[in-house]
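Welcome! Take a moment to look over the model below, and then let us walk through a few of its features together.

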Amino acid sequence: MATIGLLRACRGKGCLFVKNSMFQQTLPTSLQNSLVTKHFSLTSVASSNAVVEFFRARNFRAKRGPFRPEEKRGDHKMMASTHWKIERVLAVSMLGVMPACLFVQGPIMDTLLSITVLLHGFWGVDGVLTDYLEKFVPWIHYPWYLLTIAGLAGLIYFNYNDVGVCEAIKMVWKL
């Protein structure tokens, strides 16, 4: 199905993948007549597309480089390479924290496991929000911050006022 769509999109002068004669030889004439012709082009003809016009009318355009150093850094407190290193150190440390929480019980280990898992998930989802949604919905981080703070508060409450995360995982495995 995707092949037919690609071939149909390439029908016309701006085709990058196949020639028109090759397209006409592969499909029967009855099927060729029933297809809607769509031109695939890298020229300004693509600007007449309704989706492109929709985003241009609302100024949903991402800036393409070259970027100045302050634009690359943004409003973050850390440089990107330092943040990346901290994320990787946390991810590698989780390899030791997760098995250790099965053997060493207590509120400190429960809190350490809760913080590492929550922070790892926070940075992952925050990266997705930054890469894909921030340019369309600039305020998208605030609900994510509130949700993360509520999640951390709930995990800390569970660790100190109930059995704790490590014991809860053991209880689930015993089922």
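## Ground rules

A residue is called buried under 20% relative accessible area, exposed over 50%, and partly exposed in between (1.4 Å probe, protein chains only). By that rule Ile149, with a relative accessible area of 57%, is exposed.

The model is predicted, so local features need pLDDT of at least 70 and side-chain atom pairs count only at pLDDT 80 or more, while totals for chains, interfaces and linings use all residues. Residues are numbered from 1 along each chain as its sequence is written, and side-chain values use heavy atoms, with hydrogens and water left out.

## Helix α7

Helices here are DSSP runs (H or I, at least four residues), numbered from the N terminus. Helix α7 covers residues 107-133, and its end C-alpha atoms are 37 Å apart.

Which residues of α7 are buried? Among them are Met109, Leu113, Phe122, Trp123 and Leu129.

## Rings that meet

Rings of Phe, Tyr and Trp (its six-membered ring) pair if their centres lie within 6.5 Å; planes under 30 degrees apart count as stacked, over 60 as edge-to-face and the rest as tilted. The whole structure holds 3 aromatic pairs. One of them is stacked: Phe122 and Trp144, 6.1 Å centre to centre with 5° between the planes. This pair links distant parts of the chain, since Phe122 lies in helix α7 and Trp144 in helix α8, 22 residues apart. Both Phe122 and Trp144 are buried.

Phe122 also pairs with Tyr145; their ring centres are 5.9 Å apart and their planes at 40°, so this pair is tilted. Phe122 has a relative accessible area of 16%, whereas Tyr145 is partly exposed at 33%. Ring pairs link Phe122, Tyr142, Trp144 and Tyr145 into a cluster.

## A nonpolar patch

Ile149 sits in helix α8 (residues 141-161). Together with Trp139, Tyr142 and Tyr145, Ile149 forms a nonpolar surface patch of about 500 Å² accessible area. Patch members have over 30% relative accessible area and no salt bridge; like charges are joined within 9 Å, nonpolar side chains (Val, Leu, Ile, Met, Phe, Trp, Tyr) within 5 Å. Areas come from the Shrake-Rupley method with a 1.4 Å probe, and for residues only the protein chains shown count as cover.

## One salt bridge

How many salt bridges (a side-chain nitrogen of Lys or Arg within 4 Å of a carboxyl oxygen of Asp or Glu) does the whole structure contain? The search finds 1. Glu87 bridges to Arg88, with the closest N and O atoms 3.2 Å apart. Glu87 is buried at 17% relative accessibility, while Arg88 is partly exposed at 37%.

Technical notes. Helices (H or I, at least four residues) and strands (E, at least two) are DSSP runs, numbered from the N terminus. The expected span of a helix is 1.5 Å times one less than its number of residues.
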